[in-house]
Amino acid sequence: MKAIVLQRNLDSKIELVSMPDPELMPGEALVRIKAAALNHRDEWCRQGLYPNLSDGVVLGSDGAGVVEKVCDESNSAWIGKEVIINPAMFWGEDQRAQSKDFKILGMPRNGTFGEYIAIPVDRLHHKPEHLTWEEAAALPLAGLTAFRALTYQGQAKAGDQVLVTGIGGGVAQFAAQYAKALGVTLSVSSSRSAKLEKAKALGADFGFNYLEPDWIEQALQAAGGFDVIIDGAAGDAINNLIHVCKPGGRIVLYGATMGIPNKLEARKVYWNQLKIMGSTMGSDRDFRQMVAFVEEKGIRPELDQIFSLEEAEKAFEKMKAGDQFGKIVFKL
Ligand SMILES: NC(=O)c1ccc[n+]([C@@H]2O[C@H](COP(=O)([O-])OP(=O)(O)OC[C@H]3O[C@@H](n4cnc5c(N)ncnc54)[C@H](OP(=O)(O)O)[C@@H]3O)[C@@H](O)[C@H]2O)c1
């Protein structure tokens, strides 16, 4: 099969290779991938910024396809089924946090950027019928992360004022769509006014450019502060979020694209009874609930651009540049 693997001795750090089709182990299914999607994690791997990297591993956490084979007769009902793959592996039994064995598909285990993947059948879910292959492939990792951050950690509910930062991002897109479906008043932020306009056309009530020095005043005036803030950037800008969070509000961090904060407005945090919490992907329960929510509300992932595997370097460069609005997808 052909696949995109990490190859750090190359300038591009990734390579399209021809490799043997995966062999099945007990409990596994062979899925013919129809579409796969990029996450920032894949770009962090390419930049060498992820732990335990190995060259030759097929990248990619997100995929959708058709089950062609299973190892065990007992799983034969899966053959021919259209599926999406849950990339969160070995979460464990505790809904509050993942086990120490937790792994994300696509490093160190071979991922979805290839024509075939061998994957335990307990990671398979039926593809939501209302989604195209490309949309279905865009859902798992970012859709799960946004769902847990917003609903389990953020406890967002109808009537809340919710802010989703960096609306161009993959996770942010889902968080914004889910928040609207819950009935909140939605604010978004972005570095680009074109992305803010697009977000408003898709249902956001207010948009703020976080590069404008007075965006905090604009946000406070428009929304009067936020009950829930969903952020994947962190950095020192977290102090701006502390400033616009309502007393008793929640700030949920799922990423640190801007790095670790050098300072924290601790006084504001304790005086305003703020809850700052972290969120990573989600449990099997979160995944099941997320897929059911997406089906019930008819949510469709926002796709930025669709590439072939041959164009992988262009796709990764686009993610690195932060030019996208929504998910970057490979069609196989
Ligand atoms: N914990 C988890 O389970 C989990 C899961 C997925 C991702 N992540 C992490 O979350 C982050 C985003 O991931 P992604 O896949 O959604 O990436 P992505 O699609 O590449 O999103 C990146 C977006 O971050 C926004 N951004 C950059 N600087 C910002 C700032 N100062 N304030 C607010 N937003 C800013 C930009 O939005 P604009 O273009 O609109 O300005 C950019 O489009 C990454 O760090 C990733 O590693 C964590």
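Select N52 first. N52 is exposed, with a relative accessible area of 65%. Here exposed means over 50% relative accessible area, buried means under 20%, and partly exposed is in between, using a 1.4 Å probe and protein chains only. N52 sits in the loop between α1 and β4 (62–70). Helices (H or I, at least four residues) and strands (E, at least two) are DSSP runs, numbered from the N terminus. Phi of N52 is positive, about 55°, although N52 is not a glycine. Most residues other than glycine have a negative phi, and most peptide bonds are trans.

A word on the model before moving on. This is a predicted model, where local features need pLDDT of at least 70 and side-chain atom pairs count only at pLDDT 80 or more, while totals for chains, interfaces and linings use all residues. Residues are numbered from 1 along each chain as its sequence is written, and side-chain values use heavy atoms, with hydrogens and water left out.

**Next stop: K13.** Look in the loop between β1 (2–6) and β2 (14–18). K13 is not a glycine, yet its phi is positive, near 70°. Is K13 buried, exposed or partly exposed? K13 counts as partly exposed, at 30% relative accessibility.

**Now a peptide bond.** Select M107 and P108. The bond that joins them is cis, with omega about 10°. P108 lies in the loop between β7 (103–104) and β8 (116–120).

**Go to N39.** Find the loop between β3 (28–37) and α1 (40–46). N39 is buried, with a relative accessible area of 5%. Which residues does N39 touch, not counting those up to four places away in sequence? They are S61, D62, L141, A142, M319 and K327. Contact means heavy atoms within 4.5 Å.

**Then T185.** T185 is in strand β11 (residues 185–190). At 24% relative accessibility, T185 counts as partly exposed. Leave aside its neighbours within four places in sequence, and T185 contacts D160, Q161, V162, D205 and F206. T185 and G203 are 18 residues apart along the chain, and their C-alpha atoms are separated by 9.7 Å.

**Turn to the cores.** A nonpolar core is a set of buried Ala, Val, Leu, Ile, Met, Phe, Trp, Tyr and Cys residues joined through side-chain atoms within 4.5 Å. In soluble globular proteins, nonpolar side chains tend to be buried together. The largest core here has 51 residues, and Y178 and M290 have the most contacts inside it. Domain 1 (2–139 + 301–331) and domain 2 (144–278) both give residues to this core, so it lies between them. The domain bounds come from an automatic or database domain assignment. Select M290. Beyond its neighbours within four places in sequence, M290 contacts L139, P140, G143, L144, F147 and Y178. A second, separate core has 41 residues, including M107, F113, I117 and I328.

**Last stop: the ligand.** How many residues surround the ligand? There are 28, and the closest are H40, W44, S190, Y210 and M281.

- I167: a polar backbone atom is 3.3 Å from an oxygen atom of the ligand.
- T280: an N or O atom in the side chain is 3.2 Å from a nitrogen atom of the ligand.
- Q324: a polar side-chain atom lies 3.0 Å from an oxygen atom of the ligand.

Technical notes: Near = heavy atom within 4 Å. Polar contact = N/O pair within 3.5 Å; in protein donor to acceptor, adjacent residues only side chain to side chain.
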